[in-house]
Amino acid sequence: MKENVRDLLGFIHRSPSPYHVVRNLEEMLAKAGFTKLSEGKDYRLEKGGSYYVSRNGSALIAFRIPGSIEGFSIVSAHTDSPSFRVKDNPEIRKDGYITLNVEGYGGMLLAPWFDRPLSLAGRVCIEENGKVACRLVNLDRDLVMIPSLAIHMNRNANHGIDYNVQKELMPLIGQDDDSFSLRKLVAKEIGVDENDLLESDLFLYNREEGKVWGLEDAYFSSPKIDDLECAYSAVTSLIASKPEKTIAVCALFDNEEVGSGTKQGALSDFLSETLERISLSLGWSREESLEMQSRSFMLSADNGHAVHPNYPEACDPTNRPKMGGGVLVKFAANQKYTSDAHSASCLEHLLRKQGIPYQVFFNNSNIPGGSTLGNLSTRHYSLPTVDIGVAQLAMHSPYETASCADLYFLAQAMHSFYERDSWLVVDSLE
């Protein structure tokens with residue numbers, strides 16, 4: 001269990017942006033014998049093969065094809081986390097300081113971003129040999145910080161603040177220097193001329209490494225637990241699996257934190273087109289493809305909230321998931337989660353058979369939850385789906401907390417799902 005946590009924390013530390021997440025996962029898949037595909041070329045697939053394809057450098061789909069096929073077993077998760085995106089021409093020079101102009105990405109807890117060592121990472125596009133090329137960049141050092149205003153200058157600081165991002169969340173990078181520009185720093189970092197830089201997608205990230213802590217090392221804390229815990233578990237479970245009756249698919253999307261409405265998001269055609277191209281490459285007719293879809297199943301993996309020791313009233317009165325209690329099965333009457341009695345029962349049947357603990361999650365009725373992946377991606381490829389995850393604290397903080405045991409249970413559940421028998425999906429109301 002501790003080894004699993006250490007591996008996850010190492011992966012998160014090496015993955016300061018969605019582009020790094022996908023690059024690192026691609027390297028893991030290639031090392032495990034998966035073949036890389038390109039959306040711009042024919043998919044030449046074979047039974048018994050393992051493959052992966054990426055889109056925009058920040059979304060990834062990987063899959064294994066068994067010898068006998070009865071449908072798809074899909075696990076979806078997302079690669080992005082709430083942060084601050086750096087704007088163009090970001091230098092703000094005032095009173096002898098240089099701060100950087102940023103905007104919020106996703107629904108953040110703002111207060112925890114103050115007074116932490118931060119840096120910048122993402123991708124930049126450059127002119128290279130007459131073409132546009134993209135490069136990953138990570139300014140891998142303690143480079144910026146967002147300093148708090150001292151209590152002496154704001155006696156109401158401990159009574160709640162409505163933060164103004166454009167005023168109060170601009171990160172400090174150094175003393176005013178007319179020769180400094182972030183473009184110049186980035187160009188030097190990747191070894192190109194500043195004039196060759198075009199545009200960039202750069203984000204702030206927390207530099208603090210993940211830690212295991214608590215009595216008997218029960219917990220771990222880290223940046224980006226939501227949703228890299230699920231994304232990493234999905235890929236490692238896929239690599240370790242040996243599916244016999246269904247095509248095992250791991251679908252990781254970007255931009256979940258801002259609504260998923262991009263070409264690399266869960267609302268895109270990335271998953272549905274990939275599954276269609278698998279069908280075409282394997283020679284299925286339209287009728288056979290629809291039959292396979294009817295026998296398929298998806299786990300939409302995104303973490304949920306544990307009951308908070310200091311705010312127990314924020315949790316549902318009767319469904320009170322705790323860290324260490326097992327895999328979450330998530331429900332919502334507004335269908336922001338896709339689980340229903342039929343699909344959830346199918347998964348719970350599997351978990352019981354494998355001896356994997358699970359618990360049910362509902363939002364407090366006065367605190368509506370947000371959408372995640374399953375109810376969006378099924379608009380293009382409809383199939384029984386269950387929203388799952390594990391219970392955590394401080395979601396959308398730059399430093400979150402989860403259970404070491406739950407990481408193990410989550411990986412067990414995903415692995416068992418990928419190797420499931422066809423009995424998982426049963427006819428409803430028949």
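In which sense do strand E5 (residues 83–94) and strand E6 (residues 97–105) pair? They pair in the antiparallel sense, over eight bridges; strands are DSSP runs of E with at least two residues, helices are runs of H or I with at least four, and both are numbered from the N terminus. Two strands count as paired if DSSP finds at least two bridges between them.

This is a predicted model, in which local features need pLDDT of at least 70 and side-chain atom pairs count only at pLDDT 80 or more, while totals for chains, interfaces and linings use all residues. Residues are numbered from 1 along each chain as its sequence is written, and side-chain values use heavy atoms, with hydrogens and water left out.

**Hairpin and sheet**

E5 and E6 form a hairpin with two residues between them, and Asp95 in the turn has a positive phi of about 55°. Within this pairing, Arg85 has Glu103 of E6 as its bridge partner.

An open sheet is built from nine strands in the order E1-E2-E3-E13-E4-E14-E18-E16-E17, with mixed pairing. Its edge strands, E1 (35–36) and E17 (358–362), each pair on one side only. E1 pairs with strand E2 (residues 50–55) in the parallel sense over two bridges, and Lys36 has Tyr52 of E2 as its bridge partner.

Axes are lines fitted to C-alpha atoms, for helices over the stretch in contact, and angles run from 0 to 180 degrees between N-to-C directions.

| Helix | Strands touched | Angle between directions |
|---|---|---|
| H5 (residues 225–240) | E3, E4, E13, E14, E18 | about 150° with E4 |
| H8 (residues 341–354) | E14, E16, E17, E18 | about 55° with E18 |

**Nonpolar cores**

A nonpolar core is a set of buried Ala, Val, Leu, Ile, Met, Phe, Trp, Tyr and Cys residues joined through side-chain atoms within 4.5 Å; buried means under 20% relative accessible area, exposed over 50% and partly exposed in between (1.4 Å probe, protein chains only). The largest core has 52 residues, and Leu252 is one of those with the most contacts inside it. Helix H10 (residues 404–418) supplies the largest share of this core, nine residues. Apart from it lies another core, of 31 residues, including Phe84 and Leu143.

**An aromatic cluster**

Phe72, Trp284 and Tyr381 form one aromatic cluster. Rings of Phe, Tyr and Trp (its six-membered ring) pair if their centres lie within 6.5 Å; planes under 30 degrees apart count as stacked, over 60 as edge-to-face and the rest as tilted. Phe72 and Trp284 are both buried.

Note on methods
Contact means heavy atoms within 4.5 Å.
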